[in-house]
2 protein chains.
Amino acid sequence: MNSFTGRCSPLLTDLYQLTMLQTYLEYEMVDTAVFELFVRRLPSGRNFMVAAGLEQVLDFLENLRFLPDELDWLSQRFPAQMIDYLEQFRFTGDVHAMPEGTIFFPNEPVIRITAPMPQAQLVESRIMNLLHFETLIASKAARSVLVAPDKLLVDFGMRRAHGAEAGLLAARASYLAGFSGSATILAGAAFDVPLFGTMAHSFIQAHGDEMAAFEHFAQSHPENTVLLIDTYDTEAAAEKVVELAVKLRQKNIAIKGVRLDSGDLALHSCNVRQILDQGGLKDTTIFVSGNMDEYRLQALLSSDAPIDGFGIGTALDISTDAPTLDCAYKLQEYAGKARRKRSEGKTTWPGRKQVYRHFDDNYLIGDVVALEAGDPQEGEPLIAPYMRDGKRIHEKMSLHDIRQRSLSGYARLPKTLTDLGEVPDYPVEISAALQALATQLDAEQMDK
Amino acid sequence: MNSFTGRCSPLLTDLYQLTMLQTYLEYEMVDTAVFELFVRRLPSGRNFMVAAGLEQVLDFLENLRFLPDELDWLSQRFPAQMIDYLEQFRFTGDVHAMPEGTIFFPNEPVIRITAPMPQAQLVESRIMNLLHFETLIASKAARSVLVAPDKLLVDFGMRRAHGAEAGLLAARASYLAGFSGSATILAGAAFDVPLFGTMAHSFIQAHGDEMAAFEHFAQSHPENTVLLIDTYDTEAAAEKVVELAVKLRQKNIAIKGVRLDSGDLALHSCNVRQILDQGGLKDTTIFVSGNMDEYRLQALLSSDAPIDGFGIGTALDISTDAPTLDCAYKLQEYAGKARRKRSEGKTTWPGRKQVYRHFDDNYLIGDVVALEAGDPQEGEPLIAPYMRDGKRIHEKMSLHDIRQRSLSGYARLPKTLTDLGEVPDYPVEISAALQALATQLDAEQMDK
């Protein structure tokens, strides 16, 4: 947490977390509980997920405190014994997780919380709120990165993201997943995400005269002149850019790029490239935006449109084609005993788990979900400890390093998984010991 | 703003807002600008929108300040003259808007910002971020309210909402649109939204014995005992509820309700109703949740499933079937002169506008978008002043009163618009004077 990310009230939780907490305290159900968060199934149009949001979860757990006005509000609704408990509340548990940037699949736990029951339960809603969203966006962003690994990809989505935090964290999650940066200033201040930006149509409109707008902008931003050329007539504006470039050259100002935001981008980008090249502006890049997503990106690239960079907005920050993940945070063990939910269509795998990944020629070929203890497996374990007794174990990893991890992960994806279309499920096996534990718990429950 | 809603940094904006601002200051383009926000077209599956988020926009404008650490960060990237300007920054403009809870349609401005250009431009990103999201959720929520006006409808979506603010504001927007309340505690503290909640499966699982879990919960929440009965076997659990009720009656505790969260809800609710009724629990209500939306709601109601209330989560807080609105915040006038964007497929209607609504027998029959001045029209004007010179004009309206406005609005919707399916577009006419102004501006631009 830094001064730019702000504080989220612990009252951002579901009412039942507090009503259950009250009962747990009254009945002294304060033994160790183990919860795991996992994705039940991939949304249509996704072949893998990219884990993101762990850093924000650790911040949340480390800083979880109830302030006086929050306690006042609660004291009108809950017994004094509980308010005393909340006044002293500190998260004292352990966190195990997949590192951010890890590629993962359904049924694989991405985080495990081990803590006294009242604590482990209370933190559910916000942990899911954070991991769900950042993972959703990182997984969406990864698709554009795979389609256009050598292009400038910029998050433009804050204005239509779902609220302030979504705007901020979408910038973080997409950068983590391999984007070049974001237009959202706060993401630069809070997370050191590289920032990119041009100008709005209103800037051109306010000038009335397009040429005057271009010239003002170039003079005031000589190092970073990217001109928006589609407010009235794109090709006519490109001609003006060529004309202006001659004038600016005398002042040692180069026009770094132009942006198109409407119309047939394949056609306009070709026309504009030709106009710029003929005008001697071979180094002036073309950047496009407007209803962009990985499918349009792929179509533009296959048409050989001469585009150097893409601003991706709404489709990225909302993950419009799949705006939610079917994920759950479930109790897997309480008081030393494994637990299993058996609700129709929503059964869970019990116990504390580890995920092992298998490789062939450096490419992923299959994962095994196994019990953490007493269930030895080959392969690379994906889950590691991050917090012990409420304290972080490691120094924070830089976002740039996490981004490198994501990119290295993509390099190990088999060809089938990098496709935008749907492909056969990646094999995720449940170990024999884990299956046996589930069967045993079901039998015990039946006996009751 | 109160202590529960927190502060959003003004750095939550697009980089280009600040680069443009720099140029506006350098070239003294500080005349009055007029921007309007409108929805270009309805998403598929929506027949009208419900305006929401104005209160948050007014809070944002009234409290917009740059703090020392924000100015420090900016000072490494922008000239000193601009940092001085930002240090003194206060929003001093006017706001006109449709009141929250107003039903509206494409091309109708929902808010107008009139302020010196650098101010009116700077606030774009956050205004859109707020109005887009709350309007999206209110418009989604309205559909469930229309389908089930007499049922208990509760927002359950915070955990999968896109970040903290989305969780909080979805509770506000859905209540505003007619929901009964939310499970999100912070929405109760911040906005006085009524709160509802039951218990989680983990509560049952931790007890192992379902009956013990029910009994503990009832004893600790005698006034509000709603028991979750689908963790293992729904009908068996309903029998346990009947058995427990006898025991609790001696202690004067009634079981207020049960919740089902999985399986065939129509079937289980019928079975459970029968078990409860036969056990003398005719007053114990049935509440359902799990992948609920207005379509499933409608299907369950048409099957006469004996359900009293619904928890609607992800589909509501993300508006999953239409998770974004095609909206824009556009410059309509600068320095006393109307402006028009003509980009392909993205032309705008210029000038300051008013929307007039026509009624027949108390039902909406059509709207006219006209110029605010010199373009007299019949009908009820929808846009009113809310802020003058940076200060609110009115006392804040209570959220409960806004909710009443929404409900009164639904009562005036013609039958066609209340349908969940797609219906013919509601007529929104552009006045002759407004059309003439657009034509005139195009001609002037052509001359350049």
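Q: What is the strand order of the open sheet of seven strands in chain B, and which pairing does it have?
A: In this predicted model, the strands of the sheet in chain B follow one another as β13-β12-β1-β5-β3-β17-β18, and their pairing is antiparallel.

Q: What makes β13 and β18 of chain B stand at the edges?
A: Pairing requires at least two bridges between two strands, and β13 (337-338) and β18 (391-392) of chain B each have a single partner strand, so one side of each is left without a neighbour in the sheet.

Q: Why is helix α2 of chain A called mostly covered?
A: A residue counts as buried when 20 or more other C-beta atoms lie within 10 Å of its own, and seven of the ten residues of α2 (residues 54-63) in chain A are buried, so the helix is mostly covered. The buried residues are L54(A), E55(A), Q56(A), V57(A), L58(A), F60(A) and L61(A), and they pack against β3 (94-97), β5, α6 (124-147), β17 and β18 of chain A. For chain A as a whole, buried residues make up 55% of its 448 residues.

Q: Why is D389(A) called exposed?
A: The term applies when 12 or fewer other C-beta atoms lie within 10 Å, and D389(A) has 11, so it is exposed. This residue lies in the loop between β17 (384-388) and β18 (391-392) of chain A, and its phi is near 50°, a positive value in a residue other than glycine.

Q: What makes β7 and β8 the edge strands of the open sheet of six strands in chain A?
A: The order in this sheet is β7-β6-β11-β10-β9-β8, with parallel pairing, and β7 (181-182) and β8 (226-228) of chain A each have a single partner strand, so one side of each is left without a neighbour. β8(A) pairs with strand β9 (residues 257-260) of chain A in the parallel sense over three bridges, and the bridge partner of L228(A) is R259(A) in β9(A).

Q: Into which domains is chain A divided, and how many residues of each are in contact with the other?
A: Domain 1 (15-137 + 322-446) and domain 2 (149-317) make up the division of chain A, with 13 residues of domain 1 in contact with 17 residues of domain 2. On the domain 1 side of this contact in chain A, the largest share, five residues, comes from α15(A). The C-alpha centres of the two domains of chain A lie 39 Å apart.

Q: How do you know that the two copies are related as by a two-fold rotation axis?
A: Chain A can be laid on chain B with an RMSD of 0.0 Å by a turn of 180° and a shift of 0.0 Å along the axis, and the copies are thus related as by such an axis.

Q: Why can the copies be said to meet through the same surface?
A: 86 residues of chain A are in contact with 86 residues of chain B, and 100% of the interface residues of chain A are also interface residues in chain B, so the copies meet through the same surface.

How values were computed:
Residues numbered from 1 in each chain as written. Chains lettered and ligands numbered in written order. Predicted model: local features only at pLDDT ≥ 70, side-chain atom pairs only at ≥ 80, totals over all residues. Contact = placed C-beta atoms within 7 Å. Helix = DSSP H or I, 4+ residues; strand = E, 2+ residues; numbered from the N terminus. Least-squares fit on C-alpha atoms with pLDDT ≥ 70 in both. Domains from an automatic or database assignment.
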